Amino acid sequence: MKDIFGQALLDYQNGNYTEDLITSTNISDEDDLPLPYLFRNYAEMPKLEQKALKLSKGKTLDVGCGSGSHSLWLQEKGLKIKAIDNSKGAIEVAKKRGVLHAELKPLLEETETFDTILLLMNGTGIFKELSEVSKHLNHLKSLLNTDGQILIDSSDISYMYEDEDGGMWLDLNQSYPGELDYFLSYKGKKEKPMKWLYLDFETLKTACLTVGLKCEKVMDGEHFDYLARLS
């Protein structure tokens, strides 16, 4: 991994912002991911994220923290926060912005326990594939303190498979429509494609039942997205 995501965050943090990240998937064209959006404050966050932050309590783990925007807001509210990310650059930026406890670490290597675990900005993406969901949910469950909660968001992207007449087209070689190949590029450099998973709520709820987690929908977003609370 080249960590071009981390490099983009570092450029913005260090005042070298000249262009945005470019994203695409195997079913969608290239689109800009504005770097300022990755440094947004609470007022600029979608309502789903604001709701998740308001529901957070106790010792909290921010998974895939990016530049640390969520962690910083919670930290300012007096919560004990641990922020983790796979991007070295992201962790460096989060620390520079004031996150007190930020660590370069994959979720599956985390061993501490928490009252709240946050997985936002399509938190199910970290599961990568449908076949990996149970493994990740079991691990997340093992990190919860008594009465702990997991706050996670995702989207039902089946609408992306609709044709102009309202019919559905699906790749018969693809087992679940939410399993995507995600491409990222920045300043002419391309990252190796990664697996990224979007889970509709009913599929997430079923997966939770199989590992002994309760799954409730907290709210729907503005565009086929939702926030769920697992406990």
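User: Where is leucine 55 placed?

Analyst: Leucine 55 is in helix H2, residues 47-55; helices are DSSP runs of H or I of at least four residues, and strands runs of E of at least two, numbered from the N terminus. The model is predicted, so local features need pLDDT of at least 70 and side-chain atom pairs 80 or more, while totals for chains, interfaces and linings use all residues. Residues are numbered from 1 along each chain as its sequence is written, and side-chain values use heavy atoms, leaving out hydrogens and water.

User: Why is leucine 55 called partly exposed?

Analyst: Buried means under 20% relative accessible area, exposed over 50%, and partly exposed in between, with a 1.4 Å probe and protein chains only. Leucine 55 has 31% relative accessibility, and therefore counts as partly exposed.

User: Why does phenylalanine 39 count as buried?

Analyst: Its relative accessibility is 12%, so phenylalanine 39 counts as buried.

User: What makes tyrosine 12 and phenylalanine 39 a tilted aromatic pair?

Analyst: Rings of Phe, Tyr and Trp (its six-membered ring) pair if their centres lie within 6.5 Å; planes under 30 degrees apart count as stacked, over 60 as edge-to-face and the rest as tilted. For tyrosine 12 and phenylalanine 39 the values are 4.5 Å centre to centre and 35° between the planes, a tilted pair. Tyrosine 12 lies in helix H1 and phenylalanine 39 in the loop between strand S2 and H2, so the pair ties together parts that are 27 residues apart in sequence.
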